[in-house]
Amino acid sequence: MRRTKRYQVEDSNSLWQIYKTVPFLKVVKNFVVIQIARYTPFLGMKNWLYRNFLKMKIGKQTAFALMVMPDIMFPEKITIGTNSVIGYNTTILAHEYLIKEYRIGKVEIGSNVLIGANTTILPGVTIGDGAVVSAATLVHKDVPEGAFVGGNPMKLIYSKAEMETRQIDT
């Protein structure tokens, strides 16, 4: 179960009410910072931009590949440990706007995590230390430490114990 806080809305759908939930200028600033970071080839600069302007918590030597899209409205709710790799064109969401409600939740990605390209991570999930998320996965629930997951819907491919056995065999 994802851990999100739910907010009910009335009248129009929640996205039409976006600036009642997040300040317009915050979204503009975040948009500019994210667009610069998406295209820069300098990993240290990306982390610096995310830490200083978006208030994301990012560990040392974490690498964001080209075109990664962190949440534009609530990036401060994203935490990533040390030495993790976030693959090309991955989207990390800390919000979701629906018809009758919107939801906000923290995203916690551990250390030494590999996120494959074109993955989408939904709000309110935790990805444990040492986990591997296959490319093009929809992460809609927690990923256990050391596990290998993939697919849409996401499924457990190998547990931590199975991954350790596979590494010994090679």
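What we have here is a predicted model, in which local features need pLDDT of at least 70 and side-chain atom pairs count only at pLDDT 80 or more, while totals for chains, interfaces and linings use all residues. Residues are numbered from 1 along each chain as its sequence is written, and side-chain values use heavy atoms, with hydrogens and water left out.

Of its 170 residues, 45% count as buried, buried meaning under 20% relative accessible area and exposed over 50%, with partly exposed in between, for a 1.4 Å probe and protein chains only.

Turning to helix H2, residues 24–39, we find that its buried residues are Val27, Asn30, Val33, Ile34, Ala37 and Arg38. These cover an arc of only 135 degrees around the axis, which puts them on the same side of H2; the arc is that of the directions from the helix axis to the C-beta atoms. On the face turned away from that buried side, H2 carries the exposed residues Leu25 and Tyr39.

Finally, there is an open sheet of six strands, ordered S3-S6-S11-S14-S16-S17, with mixed pairing, where two strands pair if DSSP finds at least two bridges between them. Its edge strands, S3 (63–64) and S17 (155–158), each pair on one side only. S3 runs parallel to S6, residues 85–86, and two bridges join them; the bridge partner of Ala63 in S6 is Val85.

Methods. Helices (H or I, at least four residues) and strands (E, at least two) are DSSP runs, numbered from the N terminus.
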